[in-house]
Amino acid sequence: MNTYNSAHNQYHNHNNAEAYVKWIMEYQYDFFLTFTPANPNTTLKQLTNDVNQVTKSINNTLKHDDAFIEGFSFAENSKLRANGKGVNYVPHIHMIIRNLSNVSLKRFQNLIFNRACSIKNGKSRAFNPNYIDVQQVREGTTKQLIDYLTKSAKFKLNSMATDFINPLVKAQIQYDGDLH
């Protein structure tokens, strides 16, 4: 965790995106996830809170298998969804997860979908299973995946692409509501 925080602070304090991306590439990842909220008006802060509820619950379940969620989160506002009155930019969060090589794709998908679809914001579900994607990272595809996830980090963060790239700390996205 200290390594995560150190590199994270170095990236945000010195805008050293290249070093941060290089650090992310040092690991092999097991799963790639995308969470898009059911409600297109969900704020990035609310989405982050909802995803954190999912990952915290799953991490508690995985403890029984001596496994835990570790990796990075990438938030974007670039997905468009028609809302009947025009088009909205909908926030979504990508995650790359490591240290779960002993967890099958099917089991991890079931954990994600079951937990995510139980989260509610008021009377509505926070997530629709059609807007959640869980994939296993195939061997040899890590570089291409990280290139995709860090596409705007190489050119500075901007509001139309990656809003934040953060390490997961205790399976939680560290996001205070302010964009860095």
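**Over which residues does pLDDT stay under 50, with 31 contacts beyond four places in sequence in the model?** The answer is residues 1-14. Helix H1, residues 2-14, has the lowest confidence in the protein, with a mean of 44, while H4 has the highest, at 95. A further stretch, residues 155-161, also stays under 50, and there the model has 17 contacts beyond four places in sequence. Where pLDDT is low, the predicted coordinates should not be read in detail. For the protein as a whole, pLDDT averages 78, and 74% of the residues score at least 70.

**Figure 1. The whole protein, element by element.** Let's step back for a moment before zooming in. There are 5 helices and 8 strands to find. If you walk along the sequence, they come in the pattern α-α-β-α-β-β-α-β-β-β-α-β-β. Of the 180 residues, 48% count as buried. Take the contacts between residues at least 6 apart in sequence: 75% of them join residues at least 24 apart.

**Figure 2. Phe-31 and Phe-108, a stacked pair of rings.** The protein has 4 aromatic pairs, and here is one of them. The ring centres of Phe-31 and Phe-108 are 4.4 Å apart, and their planes meet at 25 degrees, so this pair counts as stacked. The two partners come from distant parts of the chain, 77 residues apart: Phe-31 belongs to strand S1 (residues 31-37) and Phe-108 to helix H4 (residues 105-116). Both Phe-31 and Phe-108 are buried.

**Figure 3. Inside the largest nonpolar core.** In soluble globular proteins, nonpolar side chains tend to be buried together. The largest nonpolar core here has 29 residues, and among those with the most contacts inside it are Leu-33, Phe-35, Met-95 and Phe-108. Two or more residues come from each of S1, helix H3 (44-62), strand S3 (87-98), H4 and strand S6 (127-136). Helix H3 gives the most to this core, with 6 residues. A second, separate core has 15 residues, including Tyr-20, Trp-23, Val-137 and Ile-165.

**Figure 4. Met-95 and the residues it touches.** Which residues does Met-95 touch, not counting those up to four places away in sequence? Among them are Phe-31, Phe-32, Leu-33 and Phe-35. Met-95 also touches Val-51, Thr-55, Phe-72 and Ser-73, and the list ends with Leu-168 and Ile-173.

**Figure 5. Helix H5 and its two faces.** Look for Thr-142, Leu-145, Ile-146 and Leu-149, the buried residues of helix H5 (residues 142-149). Seen down the axis of H5, these buried residues fall within an arc of 95 degrees, so they line one face of the helix. Turned away from that buried side, the other face carries the exposed residues Lys-143 and Gln-144.

Figure 6. Asn-49 is found in helix H3. Is Asn-49 buried or partly exposed? Asn-49 has a relative accessible area of 38%, so it is partly exposed.

Note on methods
Residues are numbered from 1 along each chain as its sequence is written. This is a predicted model: local features need pLDDT of at least 70, side-chain atom pairs count only at pLDDT 80 or more; totals for chains, interfaces and linings use all residues. Side-chain values use heavy atoms; hydrogens and water are left out. Rings of Phe, Tyr and Trp (its six-membered ring) pair if their centres lie within 6.5 Å; planes under 30 degrees apart count as stacked, over 60 as edge-to-face and the rest as tilted. Helices (H or I, at least four residues) and strands (E, at least two) are DSSP runs, numbered from the N terminus. Buried means under 20% relative accessible area, exposed over 50%, partly exposed in between (1.4 Å probe, protein chains only). A nonpolar core is a set of buried Ala, Val, Leu, Ile, Met, Phe, Trp, Tyr and Cys residues joined through side-chain atoms within 4.5 Å. Contact means heavy atoms within 4.5 Å. pLDDT is the predictor's confidence in each residue, from 0 to 100. The arc is that of the directions from the helix axis to the C-beta atoms.
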